[in-house]
Amino acid sequence: MRPAAEKAIQLDPLSAESYDALGAAYAREAQWEQSEKSFLRAMEIQPGRAESHANFAAYLLLPLGRIDEAIQQLRIAEKNDPLSAHVHFWLGDALADAGRNEEAAGACERMAPENALRQDCILGARVRQGEPAR
């Protein structure tokens, strides 16, 4: 994945999507500093790109335990793309990691009803709140 992202950046050095992909590839390799630089560059190029904020949170901030920063990035992503299931799923996960289970359930509930992950996301949040699995 990294070679393809690097090639894409060579072809278009202003491609936020390419820097986003490079950030994900570096995160997969646990090269955290390079990953963060790539995600930040993606967001510098295209600040309103929800996917970059969400991927930064999901692939770098959450694995490193930077929960509050992850929630902040996911809130930015949600503002930029309020219908994104990807954003709501990761926001629910981050809020759950922070012990904010009611908010996590709310994030999950904002996913489209037909989304296959919606019910699992809601159920996980409700179980963490002490409600029985139904």
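This section describes helix packing, the disulfide and selected residues of the structure. The structure is a predicted model, in which local features require pLDDT of at least 70 and side-chain atom pairs count only at pLDDT 80 or more, whereas totals for chains, interfaces and linings use all residues. Residues are numbered from 1 along each chain as its sequence is written, and side-chain values use heavy atoms, with hydrogens and water left out.

Helices are DSSP runs (H or I, at least four residues) numbered from the N terminus. Helix α3 (residues 32–45) comprises 14 residues and spans 20 Å from its first C-alpha to its last, close to the expected 20 Å; the expected span of a helix is 1.5 Å times one less than its number of residues. The buried residues of α3 are S35, S38, F39, A42 and M43. Viewed down the axis of α3, these buried residues fall within an arc of 135° and so line one face of the helix, the arc being that of the directions from the helix axis to the C-beta atoms. On the other side of α3, E33, K37 and E44 are exposed. Here, buried denotes under 20% relative accessible area, exposed over 50%, and partly exposed in between (1.4 Å probe, protein chains only). The buried residues of α3 pack against α2 (16–28), α4 (50–61) and α5 (67–80).

Helix α4 has twelve residues and reaches 15 Å from its first C-alpha to its last, close to the 16 Å expected at 1.5 Å a residue. This helix is mostly covered, with ten of its twelve residues buried; among them are H53, N55, F56, L60 and L61. The cover over the buried residues of α4 includes α2, α3, α5 and α6.

Residue D20 is located in helix α2 and is buried, with a relative accessible area of 4%. Apart from neighbours within four places in sequence, D20 is in contact with F39, A42, R49, E51, S52 and N55, where contact means heavy atoms within 4.5 Å.

The axes of helix α6 (residues 85–97) and α7 come within 8 Å and cross at roughly 175°. Axes are lines fitted to C-alpha atoms, for helices over the stretch in contact, and angles run from 0 to 180 degrees between N-to-C directions. The two helices α6 and α7 are therefore roughly antiparallel, a term applied to angles over 145 degrees. Their contact is formed by H88, L91, G92, L95 and A96 of α6 together with N101, E103, A104, A107 and C108 of α7.

A search of the whole structure identified one disulfide, defined as a pair of cysteine sulfur atoms within 2.5 Å. The bond joins C108 and C121, whose sulfur atoms lie 1.8 Å apart. The link of C108 and C121 is left-handed, with -55° about the S-S bond. Because C108 lies in helix α7 (residues 101–109) and C121 in helix α8 (residues 118–128), the pair ties together parts that are 13 residues apart in sequence. Both cysteines are covered: C108 is buried at 1% relative accessibility, and C121 is buried with a relative accessible area of 9%.

Residue N115 occupies the loop between α7 and α8 and is partly exposed, at 23% relative accessibility. N115 and A85 are 30 residues apart in sequence, with a C-alpha to C-alpha distance of 7.6 Å.

Terms used: Parallel < 35°, antiparallel > 145°, perpendicular 65-115°, else oblique.
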